[in-house]
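The exercises below are meant to be worked through with the sequence and the model side by side. Each one gives a task, and a solution follows step by step.

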Amino acid sequence: MKYLSTRGDQTLRGFSDILLEGLAPDGGLYLPTHYPKVDAATLARWRGLSYAELAFEILSLYIDDIPAADLKRLVHATYTEAVFGSAAITPLKTLEPGLQLQALSNGPTLAFKDMAMQLLGHLFEYELARRGEALNILGATSGDTGSAAEYAMRGKKGIKVFMLSPHGRMSPFQQAQMFSLQDANIHNIAVEGVFDDCQDIVKAVSNDLAFKRRWKIGTVNSINWARLLAQVIYYFAGYFQATKSNDEVVSFTVPSGNFGNVCAGHVARSMGLPIRRLVVATNENDVLDEFFRTGAYRVRASAETHETSSPSMDISKASNFERFVFDLLGRDGATVARLFGEQVPRQGGFTLDAATMQRARADFGFASGRSTHADRLETIRKCWQQHATLIDTHTADGLKVAWEQREPGVPMIVLETALPAKFAATILEATGVNPEPPAALRHLESLPRRFAVMAPQVAPVRAYIEQHA
């Protein structure tokens, strides 16, 4: 399996090369040359596998430059009951007939990002040791990616992490998870702006090829294909739990701001997993919902980006969206380069025609919806009162939209994104219940913190990396 760029660079690369690379040299994102097709016999064989066994089967279709025995060892070291709290790893919880939550937040940082990041930590350490190299990971987070990356990479040989986050815009628990880490290889940078400012800095540094190569810069954001690939696994796992045979179809509702989580569902569906619809749920920062409703992809400025009670989705420039548009436009790299490399920076977006949007819905299965703070409170309250289940604010966005978008006879799986304790203030407002974090994290917010505050500019971040790499 080889990989190419969404912006037209046809240079083919192996998995291990793009694992450490992040963005392609032309500024595009990596995708495989094709999505392997999974037939009915393979689905039937996979149905009885453990999560780790399933992960190995799926990853093996995309990774052929790591020996199978090594890949199997890394996967089985990652997906364990000890790390994720249950043998199923991502168990389903039935709320009502035909509507289930898929638990993705039982890892070390209580968020779905652990599902991929724990694997990336093992893959990075393995590949760097194999090459005798070191890596400086530069990332941006709106709340959960940062802590998941830092907990996965802390203490890993040959790896340093430089994580950018929007200063004061994460929940207190999210800030404490990141800033309380004292590991020497972890560096937190609080940027005086919004998440999109952080993401723009990461892209600008990654696009400076001389700087990137000199300082061995890599990424763990969902612009990294390996992270997105790891997320494909739980769509298959959820499908197998929700169905009895491969003749059945399901739909997924996915809370999404940066389009990485739901893009993994697009990959799973493209491989042949029987997914009827992929429903994108946004908060008030509804750039993705607007696109799927109208065909207009309109990036918001920092001043237009709302600060909400589901802060991990306070994103108005969806990085991973480029991968889907590449597939939607028949893998036309030149057009994608023009849209994302020229029109988005200069004009703030683009609009696709009605026929293309019809294909997005009919051929690719996409639908969307939007949720507000009032919706979140009502959904959290309703889920607690009717189903005795506490959900976090982002999962509430998903559940609200799922209730609207359900179709008769088609099971709907809502992807849980975090545990309620990470957003306790809103849960308390909605239910009167103060959700407790696991015992090991109960005193997290009282720990001393270590982080640097910077202006939303590239130069000080570059200087910081040079000083601490």
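In which loop does Leu447 lie? Leu447 lies in the loop between α19 and β15 (452-454), where helices (H or I, at least four residues) and strands (E, at least two) are DSSP runs numbered from the N terminus. This is a predicted model, in which local features need pLDDT of at least 70 and side-chain atom pairs count only at pLDDT 80 or more, while totals for chains, interfaces and linings use all residues. Residues are numbered from 1 along each chain as its sequence is written, and side-chain values use heavy atoms, with hydrogens and water left out.

**Exercise 1. Work out the strand order of the open six-stranded sheet, and follow β9 within it.**

The order of the strands is β3-β4-β14-β9-β10-β13, and the pairing is mixed; two strands pair if DSSP finds at least two bridges between them. At the edges stand β3 (92-96) and β13 (366-370), each with a single partner strand, so one side of each has no neighbour in the sheet. Neighbouring strands are turned by 25° against each other on average, direction ignored.

Now take strand β9 (residues 250-255), which is mostly covered, with six of its six residues buried. In a regular strand the side chains alternate between the two faces of the sheet. Accordingly, look at β9 from both sides: Val250, Phe252 and Val254 point one way, whereas Ser251, Thr253 and Pro255 point the other way.

On one flank, five bridges join β9 to strand β10 (residues 275-282), and the two run parallel; the bridge partner of Val254 in β10 is Val280.

**Exercise 2. Locate the nonpolar cores and the helix that is largely enclosed.**

A nonpolar core is a set of buried Ala, Val, Leu, Ile, Met, Phe, Trp, Tyr and Cys residues joined through side-chain atoms within 4.5 Å. The largest one has 117 residues, and those with the most contacts inside it are Tyr79, Tyr235, Phe236, Phe259 and Phe321. Helix α11 (residues 225-242) supplies the largest share of this core, 14 residues. Apart from it lies another core of 20 residues, among them Leu138, Phe162, Val202 and Val461.

Follow Phe259 next: not counting residues up to four places away in sequence, its contacts include Val280, Phe292, Phe321 and Phe324. Phe321 and Phe324 are among the buried residues of α14, and because eight of the eight residues of helix α14 (residues 321-328) are buried, this helix is largely enclosed by the rest of the structure.

**Exercise 3. Find residues with a positive phi.**

Most residues other than glycine have a negative phi, and most peptide bonds are trans. After α14 comes Gly330, whose phi is positive, near 70°. Arg331 is not a glycine, yet its phi is positive as well, at about 60°; Arg331 lies in the loop between α14 and α15 (333-347) and counts as partly exposed, at 25% relative accessibility. Finally, Lys216 has a positive phi near 55° and is found in the loop between α10 (209-214) and β8 (217-218), where, at 42% relative accessibility, Lys216 counts as partly exposed.

Terms used:
Buried means under 20% relative accessible area, exposed over 50%, partly exposed in between (1.4 Å probe, protein chains only). Contact means heavy atoms within 4.5 Å. Axes are lines fitted to C-alpha atoms, for helices over the stretch in contact, and angles run from 0 to 180 degrees between N-to-C directions.
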